Amino acid sequence: MTMKKTAIRSKALTDAARGQECTLQISGVCCFNPETVVFAHFPSATHGMVYKSDDFWGADACMNCHDVMDGRVSYDFEPGEREEYMLRAVHATIARRVRAGLIEIKGQRV
């Protein structure tokens, strides 16, 4: 069993969600309103009770999608569907941060 590590925190990464398009876009849920988008943290090795995951492990999410992902609003996901939404959104969000210069990858070509 591995020990939990201190989460990586970056206000710049989480603040970058403001005004962006929702990357979750859950069918029948998303409001497609960039004014409601915030960074939604997803579960990870550093996630626990009252402790959010790293600030790169999540997605830009509108208030409706964020509520569904956090369980504040119920949604009847098919098996594996929630995880599929999460992975697609994490990829889109990280790519967005790389293109914005907030995450640097050595030798990257954008």
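So, contacts: among those in the chain with a separation of 6 or more, 63% come from residues 24 or more positions apart, where contact means heavy atoms within 4.5 Å. Keep in mind that this is a predicted model, where local features need pLDDT of at least 70, side-chain atom pairs count only at pLDDT 80 or more, and totals for chains, interfaces and linings use all residues. Residues are numbered from 1 along each chain as its sequence is written, and side-chain values use heavy atoms, with hydrogens and water left out.

Okay, the fold. We've got three helices and two strands, and from the N terminus they go α-β-β-α-α. Those are DSSP runs, helices being H or I with at least four residues and strands E with at least two, numbered from the N terminus. The radius of gyration, over C-alpha atoms, comes to 14 Å, close to the 13 Å that the globule rule gives for 110 residues, so the chain is as compact as a globular protein of that length. That rule, for the record, is 2.2 Å times the number of residues to the power 0.38. Along the principal axes, the C-alpha trace spans about 40 × 35 × 25 Å.

What's inside? Buried residues are 35% of the 110; buried is under 20% relative accessible area, exposed is over 50%, and partly exposed is in between, with a 1.4 Å probe and protein chains only. The largest nonpolar core has 21 residues. By nonpolar core I mean buried Ala, Val, Leu, Ile, Met, Phe, Trp, Tyr and Cys residues joined through side-chain atoms within 4.5 Å. Cys22, Leu24, Ile26, Phe42, Cys65 and Met69 have the most contacts inside this core. Two or more residues each come from β1 (38-41), β2 (58-61), α2 (63-69) and α3 (81-99), and α3 gives the most, with four.

Take Ile26: leaving aside neighbours within four places in sequence, Ile26 touches Cys65, Val68, Met69, Tyr75, Phe77 and Tyr85.

Now, which way does phi go at glutamine 25? Positive, near 45 degrees, and this isn't a glycine. Glutamine 25 sits in the loop between α1 (11-15) and β1 and is partly exposed at 30% relative accessible area. Phenylalanine 32 has a positive phi too, about 55 degrees, in the loop between α1 and β1. Buried or exposed, this phenylalanine 32? Exposed, at 56%.

Last one: valine 98, in helix α3, counts as buried at 11% relative accessibility. Valine 98 and glutamine 108 are ten residues apart in sequence and 9.1 Å apart in space, C-alpha to C-alpha.
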